Amino acid sequence: MHLTLQVWRQQGPDAEGRFETYDAPGIGEDMSFLEMLDIVNERMEIEGREPIAFDHDCREGICGSCGLMINGRAHGPQASTATCQLHMREFSDGDVIVIEPWRATSFPIIRDLVVDRSAFDRIIEAGGYIGAPTGAAPEANLIPVPKATADAAMDAAACIGCGACVGACPNSAAQLFTAAKVAHLNLLPQGQPERWRRVERMVETMEQYFGSCTNHGECTAACPKDISLDNIALMNRDYLLSKFRNRKLGAQR
Amino acid sequence: MPKLDAKVPSGPIREHWDNHRFSMKLVNPSNKRRFTVIVVGTGLAGASAAATLAELGYRVKAFTYHDSARRAHSIAAQGGINASKNYQNDGDSIYRLFYDTVKGGDYRSRESNVYRLAQLSVEIIDQCTAQGVPFAREYGGLLANRSFGGAQVSRTFYARGQTGQQLLLGAYQAMMRQVNLGTVDLHTQTEMLDVVLKDGRAVGIVTRDLLNGEIQSHSGHAVVLATGGYSNVYYLSTNAMKCNVTAIWRAHRRGALFANPCYTQIHPTCIPASDESQSKLTLMSESLRNDGRIWVPGRADDTRSPGDLVESERDYYLERRYPAFGNLVPRDVASRAAKLEIDGGKGVGPLRNGVYLDFSEAMDRLGEELVRQRYGNLFDMYQRITGENPYEVPMRIYPAVHYTMGGLWVDYNLMTTIPGLYALGEANFSDHGSNRLGASALMQGLADGYFVVPYTIADYLAPMLGDPVVPSTDPVFRDVEASVQAEMDRYLSLTGTRTVDWFHRELGKILWEHCGMERSAGGLERAIEDISSLKEEFDTDLRVLGHSNTLNQSLEKAGRVNDFFELAVLMCRDALDREESCGAHFRAEHQTEDGEARRDDENFSYVAAWDWSADADPTMYREDLRFDYVAPSQRSYK
């Protein structure tokens, strides 16, 4: 395949960015999208031009490092697929492919296609855990969890933290990411003691960084792990309730 | 260098850990905050250690080169985690898990460590469940298990095909809770480039900030390395692209002995490379072999499509050679058998580099729906990568490197030969001998991080109460900083013609050819020469563009590939020295008449721990292995 790439290049966080056009001949359709970028980069290096910086690691669609806007779509044209699992057979000879970083002010650009997603870590830090210090755990089968509950928690927990939901959202909202973790932990019996505190802290931390949700649903369409919008409903309900539950003595009712 | 002291406790093996915990010194709760512990790497072992040490009250500084601690390669483990809970009432026990692991490791691991691992496996499941890891459940709400990797009992806990992800997120969340409490100081996008010693003890590390290139020193009372394995030395492996040996290799260069470097595990069910540009290989769960049948065309150079070959023209070589185990022989046996067929000209696929894994018989027997239920996600992944539909045409598979049993030598306390320097998880050599069983890597990482090092580190720290850390302004730090900066400057000053990736690929080809699934003295000697001459080219003909004060991914890779070169030579040397076939290490000269591995317990029942020398050949130190509980026997799968 012979492709033309239009890639966002930006030297650093404060530098001005611009699109640059690259000719990419000789691309095989069995290559992954990132292998195509590897080839373009290696050719550029040999020519003495600095390669395009992009984030990636496992290349199995699970670490959540990679994430590119490809022709305006987060993770590109294939549904339920992270950028690293996208293959060139999804494109045609002669295509022009526009490649950008996630577009969200809460994910500032570090360089080229690499963005800073540390705001996600701040949300987890605020409450995305169950406080169970090592050594204090009861025997595992003392806490039965209905299969349906465990499965729903697992569906939510499958989030890889890539940021596509934010990149795809017209408001740069992080509801889907936050709700996935809230739902994973709030559904489980082990998560009940911290349920109301968790949701309140996570939502309010999220709101410090990200935009508001107006129910576009772009996030779930872009999500490589098919995290459902239902989680956002659950989070909103729990957040509302937390305002009562978290009042003094509220937990006793 | 004194004789290696593994510090194995005395007494009956089931009391070792208890006795040892009682005999170790403690640090009183209010004094723990007076100690700073550096943890490098935040995968399963590192994040669990950082979280637990912080919960205990130590001040922890944690480091990861990822943008978030949630991205370590532990996340990619699919299958599950073993524990001897005996929930299935099928006769499992701590002793049986211990026995299976020692035997599976082909009698090249330390019994005492493995016994402790089997004991702790039970607590790991309790701990992870309490954290909210969504393990698979039965309808009654209790935990589900599956059998895995040929084990005769069902002891593997799992969270769909994403067990590693869920366990890592559990440890990551526990650590982030401590970050929020201010007890863990987490440094992301920060790569450790050297360890700093004073008076022979580890007193800190030197790092590079990957975003602005700043070289920084960090001091602590002890340093814990949990930086994973080195499969990427082969270039193509199932490891994540950034996985590397640098942290443990730099520690090795400072004096930590490196044990059994040649033990590398090759997994039989990976998707074959599609062309030269392939950047990594993708693993598919071993469970596929439960129902898939492996075959190649009966005669060499037969390029007809699989559907055109009738039964009599197919060779189900595993079923033919190993009637008892058939397609379920262990990983090393299955991998080597595939290589033999492909080397014999029977490889399939466009590059003739695979063997078929065929589900047509299973589809007839079980029906497509049941096959979809069992393997649907794997089939989807295969189709996404290859563009072929495995419900219609047989899958193609080929072995790939995916785990390294070798690593820094550690004693029973997980301390390396440098006082104050610890190694956990895949970064150490300790528990898997010469072959790791499925679903035991996650177990080891978490055992080391949650339950071993938090105890054993106190024994080292206690006598240092009141001692301040060596300040990062001390000349020992300044010297190491200067050498790290000089290395960066050297890469950038070269004006060669080759990229880092080119060198890495070429190195990988040499190593895969001669130090892969089958090794021979001639091949290994040649590999050492080839690697050395390629390294000379690397030192002169490399080209790295850009600057050291910005994000520069090529510069990061240059240092890692440099260390891979040095490691590769040591791997070949170790493989050359080990004149036997054991576990994942197969020497062509040491096989039975029918091509099976021949172990030599008489002469090689030891751990080979190597020192480093820049100009001379390294010296090997032996830790002799004793098998008081599991009598060595020859494995047979016929």
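The model is predicted, with local features requiring pLDDT of at least 70 and side-chain atom pairs pLDDT 80 or more, while totals for chains, interfaces and linings use all residues. Residues are numbered from 1 along each chain as its sequence is written, and chains are lettered from A and ligands numbered from 1 in the order in which they are written.

H14(B) covers residues 521–541; helices (H or I, at least four residues) and strands (E, at least two) are DSSP runs, numbered from the N terminus. From first C-alpha to last, this helix of 21 residues reaches 30 Å, close to the 30 Å expected at 1.5 Å a residue (the expected span is 1.5 Å times one less than the number of residues). Its buried residues are B:Gly523, B:Leu524, B:Ala527, B:Ile528, B:Ile531 and B:Phe538. Viewed down the axis of H14(B), these buried residues fall within an arc of 140°, so they line one face of the helix; the arc is that of the directions from the helix axis to the C-beta atoms. Their cover includes helix H13 (500–514) and H15 of chain B.

Turning to the meeting of the two chains, 62 residues of chain B and 67 residues of chain A take part in the contact (two residues are in contact if their C-beta atoms, placed from the backbone, lie within 7 Å). On the chain B side, H5(B) gives the largest share, 9 residues. By type, that side divides into 21 nonpolar, 26 polar and 15 charged residues; Ala, Val, Leu, Ile, Met, Phe, Trp, Tyr, Cys and Pro count as nonpolar, Asp, Glu, Lys and Arg as charged, and the others, Gly among them, as polar.

Chain A itself has 8 helices and 7 strands, and 53% of its 253 residues count as buried. Strand S5 (residues 96–100) of chain A pairs with strand S1 (residues 3–9) of chain A in the parallel sense over 4 bridges (strands pair if DSSP finds at least two bridges between them). Here A:Gln6 stands opposite A:Val98. S5(A) also pairs with strand S3 (residues 69–70) of chain A, in the antiparallel sense over 2 bridges, and A:Met69 stands opposite A:Glu100.

Key:
A residue is buried if 20 or more other C-beta atoms lie within 10 Å of its own, exposed if 12 or fewer, and partly exposed in between; C-beta atoms are placed from the backbone.
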